Amino acid sequence: MEIVDADSLFQQVLGDYAYALESKGFQVEAAFLPVNSSVKINMELLQRALDNLYSNLLKYAVMEETVRISYERKDGAIVISMSNKTRIEQAKNDSTNIGLITCRRIIEFHGGHFKTTEQDQCFEVTVSIPLEG
């Protein structure tokens, strides 16, 4: 575990995902509000969880609908949100949810919370990781 600047880390990683999605033809709306704090993380594990969420966007998101990626400071944590419209037939046929289960375990290992909601073809994942200090 290492302590890193939350804004530098998440702006870089989530910004890279937004750029990669746009380069593949997705419409992306990114909103990164400064948290002005640090997080204590295992970078390898956290990267694995975030990579899985990015992979799910590529696999299940409707390209013609806006993908929203954001983070903000809330209640002593950095709260990361990703939402998108899903391709129903693809999600029903392909998903085993193993990736989301792994993400949940990794975020909980960091003392955080992992929540997914799905309604009217809109899928949202919310991740919160405690801030240091």
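Reply: Happy to. Helix H2 (residues 43–60) and helix H4 (residues 98–109) pack at an angle of about 145 degrees, with their axes 9 Å apart. Helices here are DSSP runs of H or I with at least four residues, strands are E runs of at least two, and both are numbered from the N terminus. The axes are lines fitted to C-alpha atoms, for helices over the stretch in contact, and angles between N-to-C directions run from 0 to 180 degrees.

A word on the source: this is a predicted model, in which local features need pLDDT of at least 70 and side-chain atom pairs count only at pLDDT 80 or more, while totals for chains, interfaces and linings use all residues. Residues are numbered from 1 along each chain as its sequence is written, and side-chain values use heavy atoms, with hydrogens and water left out.

On the H2 side, the residues that meet H4 are Leu45, Leu46, Arg48, Ala49, Asn52, Leu53 and Asn56. Their partners in H4 are Gly99, Leu100, Thr102, Cys103, Ile106, Ile107 and Phe109, where contact means heavy atoms within 4.5 Å. By class, this contact has nine nonpolar, four polar and one charged residues; Ala, Val, Leu, Ile, Met, Phe, Trp, Tyr, Cys and Pro count as nonpolar, Asp, Glu, Lys and Arg as charged, and the others, Gly among them, as polar.

Leu53 takes us into the core. Along with Phe10, Val39 and Ile78, Leu53 touches the most other members of the largest nonpolar core, which has 38 residues. Such a core is a set of buried Ala, Val, Leu, Ile, Met, Phe, Trp, Tyr and Cys residues joined through side-chain atoms within 4.5 Å; buried means under 20% relative accessible area, exposed over 50%, and partly exposed in between, with a 1.4 Å probe and protein chains only. H2 and H4 each supply at least two residues of this core, but the largest share, nine residues, comes from H1. Leaving aside neighbours within four places in sequence, Phe10 is in contact with residues including Val39, Leu46 and Ile78.

Arg68 and Glu29 form it through their side chains (3.5 Å, N to O). Arg68 is partly exposed at 40% relative accessibility, and Glu29 is partly exposed at 43%.

Technical notes: A salt bridge is a side-chain nitrogen of Lys or Arg within 4 Å of a carboxyl oxygen of Asp or Glu.
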